[in-house]
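Here are my notes on this model, point by point. Please read them with the structure open.

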Amino acid sequence: MTAATVRPYLAVFRARFQLLLQYRAAALAGFGTQCWWGTVKVMVFAAFLSGQVDSPMTLRQTIDYVWLGQALLMMLPWSADPELARMVRSGDVAYERLRPVETYAYWFARAVARRTATPLLRAIPMVLTAGVLLPSLGFARWGLSAPAGGSAVAIFSLSMVLVIALASAFSTLLDLLAVLMLSERGVNILVAPLAIVFSGSLVPLPLLPQWLQPAMRYQPFAGLLDFPLRIYSGHLAGADALAALAGQAAWVLVLVALGRVLTTWVMARLQVQGG
Amino acid sequence: MNAIRLYGRYVRASLHSQMRYPASFLLTSLGAFLATGIDFIAVWALFARFRQIAGWHFGEVALFYAVIGVSFALADGLTRGFDVFGEQFVRTGDFDRVLVRPRSTVLQLLGYEVRATRIGRLAQAVVVWIIATRLTHIGWTWQVWSTLLFAVAGGMALFSGILVLQATMAFWTVESLEIANTLSYGGVEAAQYPLDIYARWFRNFLTFVVPLGCVSYFPVASVLGRADRTGLWPGLLPFSPALGFVFLGVALWTWRFGVRRYASTGS
C-alpha cells in the first residue's frame, strides 16, 4: 500500500475524529456517571475481597481494573453507528457507493474515529481523577496506581493499539449488520450485554468461576478490555502477556476477514430506498 | 370525570397502542429481562467464588436486589412522561399544550405512557425475589409482607421523585441530562448490596440525601432479622421507607416551582 491509497481513509478518520470531539457536554455527563459506578464497584469489590479469601486477583489489581475499565468504557463496541442505518433507510447510501474508495476500509476508518475520539474525552478526566486527584487527597489506596513496570507499560501500549483495531473491526461488523437489517436497534440489544459481560466490564474476568476461565481466554471480547487491564496491573506478564497480544491480533485478522466477506455480500444485495 | 378514571383511560389507551406491535413488545421485554438477568448472574458469580460479602450470604443479598429491582421496574414503567420530558415536551414546546388543559401537569405526564416493556425488568426482579425466598429462612407472616410492600412503595416513590427532579432540571437545561441516570440506574446498582459494606460518607449520602438505603436496606435487614450495623435506632427500621415519600414530596414541590418559571421554546 502506498501513501496515496491510504490518504482518503486518513482524511475520513481525521474528519470524524474532530467531529466526535465536539460532544463534550455528553462526555462530562458520562464522566459523572462513571465516577459513581467506579466508586460503587471499588467498595463492593473491597468488601468481597476483605478478610480471608482466596482470590485470583489482589484488591490492588482489582481496583486498577475497575478504574481503568471505567476510563476505557467507550472503547467497547456497544452499538452500531446509527448514521449508517439511517443512510440506508433514506437512500443516501447511494452516495456512499459512488465514492472511489473501498467500502470496508472507508467504514473501518469511520469506526476507528468513533472508538478513539469518544473514549478519549472520557478517559482523560477519569484517569486524572482516579490516578492523580484521589492519591493527592490521601486516598491512594482507592485510586488508580502506576503501571506494574517498564515492560508492562510497553506491552500495555501495544495492547491498546490492538484494542483500537479490534474494537473498530467489531464496530464495523455491527455497522454492516445494522445496514443489513435497516435498523441498529436489534443489533444493539443483542451486543451490548455480550460486550459488557465478556469484556470484563461487569466483573473482572479472572473473578468469574474457575471452570469458565479457559473459555474466557479465547473469546474475542477479552481482547477489548480484560487483557490490557491485566497487563497494566501486572496480572498478566511475560509470556502470558505476549500470548494475550497474539490473541488480540488473531481476532483482529478474523474479524477483518469476516467484515470484508460480509461487505461484499451486503453490498451485492443492497437496495437503495427512496426516490 | 375524576382524576383516577381519567388516568385509567390514559393507561388503557397507552397499553392498547403498544399492543398493536406485539412482536416489538415481546422482543423489547425479553431484552430487558436478559440484560438485567446478566446483572444478577454477575452477583451470583461473585458469590460462587467468595461465598459472602461482609457476613451477608447470597440469598440475603438477592432479597436486597429483588426489593430495589421491583421498585425501580414499577416506577420506571409508570413515569415515562417525566423521563422523556426534556426532548418530548420542553424542546418541542409541547408543554404549552399540557398547560392549557384543565388538569394537573403531573397527572398528564403520568398518563403520557405506561411502558409495558418494563414487564421484562419486573419479571427478572420477581424471579430473584423467589430465589431469595428459597435461600433464606423467613417466615412469610403479614408483618413481613407489609414491611416489604411498604419498602417497595417507598422505593417507587423515591425513584419517581428522582425522575421528577430530572424532568424539572429540563426547565433550565431544555434537554434532559443523562446525569440523573446516575441516581436511578446507579442507585439500583448501589442499593442492591447491603448498605453496611459502603464507606460512612457514601452510606450517609444513601440514607439522608437520596434515601435509597431507607427503601431497601433498613426494611430488608429488619425482615432478615439482622441487627443493623449502621447505628440507627432499631424500632425505626421498618418505617424508614416513609423517607421515600418525603423525597417525592420535595421533588413535586420543586416541580411546581419549575413549572412557574417555564418559558416556552415554541413560537
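1. Between chain A and chain B there are zero salt bridges. A salt bridge here is a side-chain nitrogen of Lys or Arg within 4 Å of a carboxyl oxygen of Asp or Glu. Six residue pairs are in polar contact across the two chains, both residues at pLDDT 80 or more. A polar contact is a pair of N or O atoms within 3.5 Å; within protein, one must be able to donate a hydrogen and the other to accept it, and residues adjacent in sequence count only if both atoms are side-chain atoms.

2. A note on the basis of these values. The model is predicted, so local features need pLDDT of at least 70 and side-chain atom pairs count only at pLDDT 80 or more, while totals for chains, interfaces and linings use all residues. Residues are numbered from 1 along each chain as its sequence is written, chains are lettered from A and ligands numbered from 1 in the order in which they are written, and side-chain values use heavy atoms, with hydrogens and water left out.

3. How much area do chain A and chain B bury between them? The figure is about 2,600 Å², with 77% of it on carbon and sulfur atoms. Buried area is the accessible area (1.4 Å probe) that two parts lose on being put together, summed over both. Trp36(A), Met43(A) and Phe48(A) supply 29% of the area that chain A buries against chain B, more than any other three residues.

4. The contact (heavy atoms within 4.5 Å) takes 31 residues from chain A and 31 residues from chain B. On the chain A side, helix 2 (24-49) and helix 8 (185-198) are the elements that give two or more residues. Helix 2 of chain A has the largest share, 15 residues. Helices are DSSP runs (H or I, at least four residues), numbered from the N terminus. By type, this side of chain A divides into 22 nonpolar, seven polar and two charged residues. Ala, Val, Leu, Ile, Met, Phe, Trp, Tyr, Cys and Pro count as nonpolar, Asp, Glu, Lys and Arg as charged, and the others, Gly among them, as polar.

5. The largest nonpolar core has 130 residues. Such a core is a set of buried Ala, Val, Leu, Ile, Met, Phe, Trp, Tyr and Cys residues joined through side-chain atoms within 4.5 Å. Ile53(B), Tyr193(B) and Tyr198(B) have the most contacts inside it. Helix 3 (residues 58-78) of chain B gives the most to this core, with 12 residues. Leaving aside neighbours within four places in sequence, Ile53(B) touches residues including Val44(A), Phe48(A), Val61(B) and Tyr193(B).

6. Over all chains there are 10 salt bridges. One joins Arg16(A) and Glu83(A) (3.6 Å, N to O). The pair is 67 residues apart, with Arg16(A) in helix 1 (residues 3-20) and Glu83(A) in helix 4 (residues 82-90) of chain A. Arg16(A) is buried at 13% relative accessibility, and Glu83(A) is partly exposed at 28%. Buried means under 20% relative accessible area, exposed over 50%, partly exposed in between (1.4 Å probe, protein chains only).

7. Glu102(A) and Arg260(A) form another salt bridge, their closest N and O atoms 2.3 Å apart. They lie 158 residues apart. Glu102(A) is partly exposed at 36% relative accessibility, and Arg260(A) is partly exposed at 38%.
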